[in-house]
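Take a look at the sequence and structure first, and then we can go through the details together.

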Amino acid sequence: KPTMSQTTLPGSDIKPWTRPAPQGYKFTNANIVDVESGTIKESTTLITTEGKITYVGPEASIPVSPTNLETVDCQGKYLCPGLFDAHVHLCAVPGFSDLSKAFGNPNDVHLLRQPYTASQMLHRGFTSIRDCGGAQLALKEAIEDGVFPGPRVFIAGHALSQFGGHGDLRGPHEATECCGGTHSNNHLGRICNGVPECMAAVREEIRCGADFIKIMGSGGVASPTDKLEHLQFTAAEIQAMVECADNAGTFVTAHAYTVKAIRHCIDNGVRGIEHGNFVDLPTAKLMAEKGVYLTPTLIAYAQMASERWKNYLPIESQTKNSIVLKSGLEALRVASEAGVTMCYGSDLLGPLGSAQTHEFALRSQVLSSLEILRSATVNPAKMMGCADALGQIKMGFHADVVILNKNPLEDVTVFDKPDTHVLGVMKDGRVYKSRWDALLEDGQIPVRVQ
Ligand code: ZN
Ligand code: ZN
């Protein structure tokens, strides 16, 4: 049981939600899912202390067992690294019946709904997410600080787009000169044209806490005036943005569908491709050679094409959506054959977000369970430069653990039924969700009395 000391942490008077370090746990008799080797380590003990994994191995070899550990017998259970969704948009909140309302609502409206979305993701098993446009630094910090529960967030700030690009939400009859930045109601994107504006935009996003830079490198489904096959940004613009990101120790990832757009982006230094639905084998091989990551997001198209959500998209987007959906599974097959490092992405907007785990089922039509599980653990950890801290159950890593009642290496779609199979979700050593009597939640903030 957590002991809540009120006075031990410096600054806890100023930030009254600050909790003491999480209690230690000892999970015994566990089946540990090793996502690197693709094997199960049976009858293993896992110890977490102060939010980190401090021991993984046989019970008999524990060097000095720390005291006051909460022991949980995990006989017949599987302990898997916390999941990582590498393409989300927290700002596109639920509560509106069509896409145009998911974006463009006042700042306070979407901000106040994001804690709901963030905690839902965490309770599904996602302990880390990468927001590809729209999430703000204050949100990331609030979760980090423990003001409310949610996954660890990596942010792009605003996604950068040219005039008439995928981040420009104006229709063809709107004559307003769009600033597209933080002063408009376009929370997802920022508009920049020409090398100086592109450089300024990257520097501004970095200043505002971006962990990486997201650019719109081709036409998109949800944007009103561009065609899917359009290239967006010139070589000089992309190179300038890549250089500015590189100067700040980070990288650029690009929204891109076609072979031409993917090549335009990676030839000019982009290190990640989002969606990539039309990738062909030679281009996929080039991506693998250059170490470019691919984050497909098939579930977004599948949901938008479903009977349930068929009116969510405006008509001009529905046609584009059905085109990219059709080629999506083939792109996965091609990328896998070429050896491209793939990451898990959902990209679901508004109320469609509740389908976040369906991507597991979709990908399992063409990929192995291990390959899919890697895409939701080690691969995105590596992409974000956290290969030594996230994505595996290993000594010294963050204690991000999902407890399952089935082996995900045999069937990765167990993640698609969190209420049935995900018994517990631990992030940084705290249990934020339990669906199992043997495990108590301890992620709450205790009532504080001065
Ligand atoms: Zn996109
Ligand atoms: Zn997106």
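Donors here are N, O and S atoms within 2.8 Å of the metal (3.2 Å for Na, K and Ca), and water is not among the atoms, so sites may look incomplete. Histidine 87 and histidine 89 are both buried, a word that stands for under 20% relative accessible area, with exposed over 50% and partly exposed in between (1.4 Å probe, protein chains only).

And the neighbouring ion? The zinc ion (ligand 1) is coordinated by His255 (ND1) and His275 (NE2) at 2.0 to 2.1 Å. Histidine 255 belongs to strand β12 (residues 252–256) and histidine 275 to strand β13 (residues 272–275), so this pair ties together parts that are 20 residues apart in sequence. Helices (H or I, at least four residues) and strands (E, at least two) are DSSP runs, numbered from the N terminus. Histidine 255 counts as buried at 1% relative accessibility, and histidine 275 does too, at 3%. The zinc ion (ligand 1) and the zinc ion (ligand 2) are 3.7 Å apart.

## How to read the numbers

This is a predicted model, in which local features need pLDDT of at least 70 and side-chain atom pairs count only at pLDDT 80 or more, while totals for chains, interfaces and linings use all residues. Residues are numbered from 1 along each chain as its sequence is written, chains are lettered from A and ligands numbered from 1 in the order in which they are written, and side-chain values use heavy atoms, with hydrogens and water left out.

## A parallel sheet and its helix

Three strands form an open sheet in the order β6-β7-β8, with parallel pairing; two strands pair if DSSP finds at least two bridges between them. β6 (83–88) and β8 (152–155) stand at the edges with a single partner strand each, so one side of each is left without a neighbour in the sheet. From one strand to the next, the twist averages 15 degrees.

β6 and strand β7 (residues 126–131) pair over four bridges, and phenylalanine 84 stands opposite serine 128 in β7. Helix α2 (residues 107–124) packs on the sheet, touching β6 and β7, and its direction makes about 130 degrees with that of β7. Axes are lines fitted to C-alpha atoms, for helices over the stretch in contact, and angles run from 0 to 180 degrees between N-to-C directions. Contact means heavy atoms within 4.5 Å.

## One face of helix α7

In helix α7 (residues 281–290), Thr283, Ala284, Leu286 and Met287 are buried. Seen down the axis, the buried residues of α7 fall within an arc of 155 degrees, so they line one face of the helix; the arc is that of the directions from the helix axis to the C-beta atoms. Their cover includes α6 (259–267), β13, β14 (293–295) and α9 (315–338). Just after α7, glycine 291 takes a positive phi of about 70 degrees.

## Cysteines without partners

How many disulfides does a search of the whole structure find? The result is zero, a disulfide being a pair of cysteine sulfur atoms within 2.5 Å. For cysteine 198, the nearest cysteine sulfur is that of cysteine 192, 3.9 Å away. Cysteine 198 counts as buried at 0% relative accessibility. The sulfur of cysteine 244 is too far for a bond, at 9.3 Å from the closest cysteine sulfur, in cysteine 198.
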